[in-house]
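Please look through the structure shown here, and then read the short report that follows it. The report takes up a few local features before turning to the chain as a whole.

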Amino acid sequence: MATAIYLEHYLDSIENLPCELQRNFTLMRDLDNRTEEKKAEIDKLAEEYIANVKNLASEQRVEHLQKIQNAYSKCKEFSDDKVQLAMQTYEMVDKHIRRLDADLARFENELKEKLELSSYESTDGRALKKSDLRGQREKRGSRGRGRKGSDEDSPKKKKMKNSPDLSEALLPMQPSDVLDMPVDPNEPTYCLCHQVSYGEMIGCDNLDCPIEWFHFACVDLATKPKGKWFCPRCTQERKKK
């Protein structure tokens, strides 16, 4: 019965997951298409500029180059949005995986408690039965039949004393063990905190930045800034130059 309850609750929690994943993948595909369109526009603008650069006035050159720059900025914006969607999708699936692990641990813990309870009940039942037998033997012994040895030293009692507790050998996992599981060691780390990707992140506009991606909270950001953004390390290096 408990298994059915856990399964029913988990299936209810992932009922909307396929639709959410499909929505995110559709948005990512749309961003890809828009990026490709912008790239084609950039190629066209670049060809026009190269062909007519000799005939363009200084102000016209600046205006044409500004159009190309704006198109590149739009491409980068689409790419950043796609990365955010990818991380959101990863976290969405990871959340359900962690919940499944936690539910499994709780179910196993409940099963362990039931095994311990049944073990105690069976032990009490055997002790009560032996007590009744001992009382009958004592009555017979009072009529002239003495007892030999003690029930405490019987081979059966010794065997039961020395046998390991089944409930201690089974299912040692606790729910906290699953919730505190370490992340995949093969997963890449980012940011100044050297942690895996999670939440909202921003990329440094320095192409030679060794870290590249940073968590909003680690660089004191609440929203995505407009224009170019450089990480604290690259900002200091730029100031030195």
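## A charge over a ring

In this predicted model, the charged end of Arg-238 is placed over the ring of Phe-230, at 4.0 Å from the centre of that ring.

## The aromatic pair

When the whole structure is searched, one aromatic pair is found. Its members are Phe-214 and Trp-229, whose rings are arranged edge-to-face, with 5.7 Å from centre to centre and 70° between the planes. The pair links distant parts of the chain, since Phe-214 belongs to strand β2 (residues 213-215) while Trp-229 lies in the loop between β2 and α7 (232-240), 15 residues apart.

Are the two partners buried or exposed? Phe-214 has a relative accessible area of 0% and therefore counts as buried, and Trp-229 is also buried, because its relative accessible area is 12%, where the cut-off for a buried residue is under 20%.

Ser-197 is located in the loop that runs between α6 (175-179) and β1 (201-203). Its relative accessibility is 15%, so Ser-197 counts as buried.

Which residues does Ser-197 touch, if those up to four places away in sequence are not counted? The contacts of Ser-197 are then with Met-87, Glu-91, Glu-187, Tyr-190 and His-215.

## The largest pocket

The largest pocket holds about 610 Å³ of space. It is lined by 23 residues, and those closest to its centre are Ser-73, Lys-76, Asp-80, Asp-205 and Gly-227. Sorted by class, the lining of the largest pocket is made up of eight nonpolar, six polar and nine charged residues.

Helix α3 (58-141) and strand β1 each supply at least two residues of this lining. The largest share, nine residues, is the contribution of α3.

## The chain as a whole

The chain contains seven helices and two strands, and reading along the sequence gives the pattern α-α-α-α-α-α-β-β-α.

Of the 241 residues in the chain, 21% count as buried, and Ser-197, Phe-214 and Trp-229 are among them.

Key:
Residues are numbered from 1 along each chain as its sequence is written. This is a predicted model: local features need pLDDT of at least 70, side-chain atom pairs count only at pLDDT 80 or more; totals for chains, interfaces and linings use all residues. Side-chain values use heavy atoms; hydrogens and water are left out. Helices (H or I, at least four residues) and strands (E, at least two) are DSSP runs, numbered from the N terminus. Buried means under 20% relative accessible area, exposed over 50%, partly exposed in between (1.4 Å probe, protein chains only). Contact means heavy atoms within 4.5 Å. Rings of Phe, Tyr and Trp (its six-membered ring) pair if their centres lie within 6.5 Å; planes under 30 degrees apart count as stacked, over 60 as edge-to-face and the rest as tilted. A charge sits over a ring if NZ of Lys or CZ of Arg is within 6 Å of the ring centre and within 35 degrees of the ring normal. On a 1 Å grid over the protein atoms alone, a cavity is a set of points where a 1.4 Å probe fits but cannot get out, and a pocket is an open set with protein on both sides within 12 Å along at least five of seven lines; lining residues have an atom within 4 Å of a point. Grid points are joined across faces, edges and corners, and a volume is the space filled by probe spheres set on the points. Ala, Val, Leu, Ile, Met, Phe, Trp, Tyr, Cys and Pro count as nonpolar, Asp, Glu, Lys and Arg as charged, and the others, Gly among them, as polar.
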